[in-house]
Amino acid sequence: TEKVTAMKHWNNEDIWVITHKWETMEINGNDTSYYPSNEFYAYKVTEEGVQEDPVVSSVGLYHGGNPYNTQGYLKGSPDGTKLALAIQHSNTYQLFDFDNESGIVSNSITFSNYKKAYGLEFSPNSRILYISEEDDESPLEMHVYQVDLFAGDSAEIVNSVRFIGTTTNEPSAADGRGALQVGPDQKIYIARAESNTLGVINNPNLLGAINCNLVNDGIQLWNGTSHV
């Protein structure tokens, strides 16, 4: 799948490379069967190389079925305590706890009914998760939301979701999804399909639409290039 990310080990020297398994294939004679998987694989990378045996965690929804469910990002929080992923065709995001000492993934929280769930990102201070969805009526628009990870228990975190703004794609684009990525300046940049500008969340550590300041035409791409 598209889902792969890297996070620092608690020792601040090694790296965890984390992915999510797609379907398990079983062959019995002339019959081939496919079974969805809910397994995370965390590979520890040290100065000696990649350890061959991953840490396997079975948690959260099973990934399989429609091939569009392979699409959607997997990201880790900067403080090494959380993972989040998107399952596009299922219109779903999930949030998990991550133990960056053991490599174990646990405690899933599900955010349902986000059309074409795809782009997501954590704030640099690890307090806020940003998620997105395609607009129901205008497929070239992408709505962006904040999730307050300090809101409380699972239900309170789900209920903390707040709309902060919209980015737009060009008419030649296929749909309203786009990636979110924190930059070295600690701002979050949003891909806009076929556009020569990026959306920008200028203050991603702050809660609230006004405070975080999402700008649709946030930065011009070099030499008129565009995200496709």
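A residue is called buried when its relative accessible area is under 20%, exposed when this area is over 50%, and partly exposed in between, using a 1.4 Å probe and protein chains only. Strands are DSSP runs of state E with at least two residues, numbered from the N terminus.

This is a predicted model, in which local features need pLDDT of at least 70 and side-chain atom pairs count only at pLDDT 80 or more, while totals for chains, interfaces and linings use all residues. Residues are numbered from 1 along each chain as its sequence is written, and side-chain values use heavy atoms, with hydrogens and water left out.

Strand β1 covers residues 4-8, and its side chains alternate.

β1 pairs with strand β2 (residues 15-20) in the antiparallel sense over five bridges; two strands count as paired if DSSP finds at least two bridges between them. Within this pair, A6 stands opposite V17 of β2. The two strands form a hairpin with six residues between them, and N12 in the turn has a positive phi of about 65 degrees.

## A nonpolar patch

M25, I27 and Y34 form a nonpolar patch on the surface, with about 340 Å² of accessible area together. Accessible areas come from the Shrake-Rupley method with a 1.4 Å probe, and for residues only the protein chains shown count as cover. Patches are made of residues with over 30% relative accessible area and no salt bridge; like charges are joined within 9 Å, and nonpolar side chains (Val, Leu, Ile, Met, Phe, Trp, Tyr) within 5 Å. I27 lies in strand β3, residues 24-28. With a relative accessible area of 55%, I27 is exposed.

Strand β14 (residues 141-148) is joined to β15 by six bridges, and the two run antiparallel. M142 stands opposite T167 in β15.

Another open sheet of four strands has the order β16-β17-β18-β19, again with antiparallel pairing. Its edge strands are β16 (180-182) and β19 (214-220), each of which pairs on one side only. Neighbouring strands of this sheet are turned by 35 degrees against each other on average, direction ignored. Strand β18 (residues 197-201) is joined to β19 by four antiparallel bridges, and I201 has L214 in β19 as its bridge partner.

L180 is found in strand β16. It counts as buried, at 1% relative accessibility. L180 and I201 are 21 residues apart in sequence and 9.6 Å apart in space, C-alpha to C-alpha. Leaving out residues up to four places away in sequence, L180 touches several residues, including K75, G119, L120, M142 and I190; contact means heavy atoms within 4.5 Å.

## Salt bridges

A salt bridge is a side-chain nitrogen of Lys or Arg within 4 Å of a carboxyl oxygen of Asp or Glu. A search of the whole structure finds eight salt bridges, including those in the table.

| Pair | N to O distance |
|---|---|
| E39 and K21 | 3.9 Å |
| K115 and E134 | 3.3 Å |
| K116 and E134 | 3.5 Å |

E39 lies in strand β5 (residues 37-46) and K21 in the loop between β2 and β3; they are 18 residues apart, and the pair links distant parts of the chain. K21 is partly exposed, with a relative accessible area of 27%.

K115, K116 and E134 are linked in a network of salt bridges. K115 lies in the loop between β11 (105-112) and β12, and E134 in strand β13 (residues 128-134), so this pair ties together parts 19 residues apart in sequence. K116 lies in the loop between β11 and β12 too, and its pair with E134 ties together parts 18 residues apart in sequence. K115 is partly exposed at 25% relative accessibility, and K116 is partly exposed at 26%. E134 is buried, at 3%.

Terms used:
Axes fitted to C-alpha atoms, helices over the stretch in contact; angles between N-to-C directions.
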